[in-house]
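The following note comments on the model shown below.

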Amino acid sequence: MDTETQSAYQEELQRLERTNVEIDKQLKRLRETPVYYGPDLTEQALEAQREHGRHNLAKAIDEAYFGRLDFQESGTASPAPLYIGKTGVEDERTGQLLVIDWRAPVASLFYSFTGGLDAASYDSPDGLIEGLVYLKRNLVVRKQILQRVVDTYDREADSLAVGDEFLLYRLGENKDNKLRDIVSTIQAEQDRIIRAAKNTALIIQGVAGSGKTTVALHRLAFMLYQYREQVRAERMIIFAPNSMFLDYISGVLPELGVGNIQQNTFTDWVLDVLDHEVKLADPAMTLQTWFSLGSARPVVDDNAPGRWKGAVAFQHAIDARLSEFEKTYVPSDDFIPWEGARLKLAMIREWFFVENKHYPLIKRRERVVARIKRWMEMQLDKVWEQTKKKELKKKGAQRLRTYLTGWPEHTAFTFYKQLFDGKDSASNVPGPIAAASLKRFKKKEVELEDLAPLLYIHARLNGVPSEQLFDHVVIDEAQDFSPFQVAVLDMYTRNHSFTILGDLSQGIHAYQGIHDWKEFSSLFEANGTAYFELDRSYRSTMEIIQFANAVLERGVDNPLLAVPVFRSGNKVRVLQAAPAQRFAQIAQALTALESGSASTIAVVTRTERQAQELHEQLTAAGHEANLITAHQRVYRGGISVLPVYLTKGLEFDAVLLVDATAKHYEASLMDAKLLYVGCTRALHELWLLAPGELSPLVAADNPDIVTTVSPF
Ligand SMILES: Nc1ncnc2c1ncn2[C@@H]1O[C@H](COP(=O)(O)OP(=O)(O)OP(=O)(O)O)[C@@H](O)[C@H]1O
């Protein structure tokens, strides 16, 4: 350590000790205060405050803060150090802020400031505050101990740019089985998204590893801080592609001190709302079909069932059918409960179409039927003779039952099925889709692409109760969502408040997902949506990113390429072998990677069946590995064997991509995206094995980033 670093370290050590003592003192006092369980409302509110304090201080006690920014606000005499942490801490005696919550307006300077001598500014509740930044310092504190002090900007120093040194140190670390928070190194372009206004449908196109998932989770934590009066955690939701992915990201929000946010898949959420009236066909079968090899794979175009049923045009067809249905829903006759009593059709229509117009269809029916019953009661009141009255009452009830058979009580599913029976010209469902759908519906089974239309019909028939409305919705891997899915989610979301994120280059579910973000933005008012692009990739080394970019360039027209953060590592290894050597080569490569420093390793196959077979072989050969299939709910880390399409969203220290051959990855758009997804999962090491002719998507001829030399 040079003298300057030494003195900075000493200074920070003393300051940290003072802060730790204060946090300790406050936490001790709060823990010693008996918990109030009584009925007094004021006491209850005070107890809630104390509990909040206990929770926050317990978080702050190990790691009080991670950053320092010296800022001189215009009009003040000297710079003041601001310490930024995961939660704010106040000196009880002086009221001075010892630690500033990373979500507070002033803390945004720590992230948005990118260097230079010019004035910096941030938005505060009192307007724009301007001033000069003198120092930006990163601090690593673990269990109250100061481990590292790194100055990333110093006004007095030679270089005035904010340095990447600390970021690179964090990116170079190994990963375990959970995604982590990034509060100490949020980048300026990510911070803009995290702090974007609430009532907007935010659409984010971000390259692989650009931090989309991480940023979305931080955005939720920010919203709960900034808009605490308007949003509740339990009314916010994250939609992710599968349960294993949800498990993988489940650590971030608690690390940020946020609990109770719903995390779900679109499928499970819809099935719940529909009260499990239908069940989903095994998604593993769907995946196996769409990810089968070469010519076995069905054609992906706008007539693929997912694209067709996910289109806004289908929503409009359903709208037309619902309007038609509404017009003809009410029976066409007067209601005659018994001779001598007649309820005119005009009256029933008046109740249905005028008086209850604002209710959803099923509710309207319920209200009108209740009204008819009340009308019958009134007619019966006019009859004095009790036996007669009883007889008429029975008859009336019977006739009402018959009358209502012409007025069926539809569920979303019974209504939806009709669209496919060929009698309905408005829906115009292509023959093959209708036939396949009806076959499934007989078993009360539906596919993923049926869920949005079903929920839409459900909402139109029954309305959306206010307790089912979300305050904010995050859709991760949104390129795999259809416009219809987003449109129906919008019905369940207050103020169109969305964070929609994904990467078109990773659109491997093109048979159901979008091809352009405009398919989503056109669903919202022009001034209610904002679009961001993230093109820097933080996950992988420079070599891996350049290699993966080359894969994309070979298979995709005008690809969105990732810009690597300058973190250099080992070259990507591309090793060829004879087909007969396949397993021996995989086993040797895995053993070599296991002996390195990687904590998490993925062995990536092209299909699920290959993953199962390889897992068996590896286990028999003594490797301890977890097989990941479409049904997996928990991600365990260590060595995972999985098909390439299930690696989406995950990351591993090392990736061993087997079967990188021409047979498994053709020169096609879909295969290029698949291979790109597989390659971009690697943080530090990427190895590709090709037992046979090398895939035309793989460029092994750039010696700066690729080696073909076998280490074994
Ligand atoms: N500002 C940052 N500081 C440190 N690490 C970061 C930062 N941004 C992203 N990362 C890291 O980069 C990796 C990728 O992040 P994340 O999974 O959120 O990206 P993504 O865009 O959702 O990726 P993909 O689309 O490829 O699944 C994670 O390990 C994350 O911790």
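**Note on the predicted model**

1. The C-alpha centres of domain 2 and domain 3 are separated by 69 Å. This is a predicted model, and its protein chain is divided into domain 1 (3-173), domain 2 (330-406) and domain 3 (542-709).

2. As to overall dimensions, the C-alpha trace of the protein chain spans about 105 × 75 × 45 Å along its principal axes. The chain contains 24 helices and 24 strands. Of its 712 residues, 39% are buried. Among contacts in the chain with a separation of 6 or more, 74% are between residues 24 or more positions apart.

3. The largest nonpolar core comprises 156 residues, and I500, V551, V603, L656, C679 and L689 have the most contacts inside it. At least three residues of this core come from each of domain 1 (3-173) and domain 3 (542-709). Another core, of seven residues, lies apart from it; F335, W351, V368 and M376 are among its members.

4. Which residues does V551 touch, when those up to four places away in sequence are not counted? The partners of V551 are A672, L675, Y676, C679, L697 and V698. Both V551 and C679 are listed with the residues that have the most contacts inside the largest nonpolar core.

5. Helix α23 (residues 608-620) can be checked for its length.

6. The buried residues in α23 are E608, A611, L614, H615 and L618. Because they cover an arc of only 120° around the axis, they are on the same side of α23. In general, an α-helix has 3.6 residues a turn, so residues three or four places apart point the same way. The face of α23 turned away from the buried side carries the exposed residues R609, E616 and A620. Just after α23, G622 takes a positive phi of about 95°.

7. An unreviewed UniProt entry lists residues 6-33 under "coiled-coil region". In the model, this span is 96% helix and 0% strand, and its end C-alpha atoms lie 41 Å apart.

8. The UniProt annotation "binding site", also from an unreviewed entry, covers G206, V207, A208, G209, S210, G211, K212 and T213. Two of these positions are taken up in the points that follow.

9. Is A208 buried or exposed? A208 has 26 other C-beta atoms within 10 Å, and therefore counts as buried, the cut-off being 20 or more. A208 is located in the loop between β8 (201-206) and α6 (212-226). Not counting residues up to four places away in sequence, A208 touches D503, Q506, S537, A562 and T680.

10. S210 is likewise placed in the loop between β8 and α6. S210 counts as buried because it has 25 C-beta neighbours inside 10 Å. Neighbours within four places in sequence aside, S210 is in contact with L534, D535, R536, S537 and Y538.

Conventions. Residues numbered from 1 in each chain as written. Predicted model: local features only at pLDDT ≥ 70, side-chain atom pairs only at ≥ 80, totals over all residues. Core = buried A, V, L, I, M, F, W, Y, C linked by C-beta atoms within 7 Å. Buried ≥ 20, exposed ≤ 12 C-beta atoms within 10 Å, placed from the backbone. Domains from an automatic or database assignment. Contact = placed C-beta atoms within 7 Å. Helix = DSSP H or I, 4+ residues; strand = E, 2+ residues; numbered from the N terminus. Arc of directions from axis to C-beta. UniProt positions renumbered as here; feature names shortened; annotations may be inferred.
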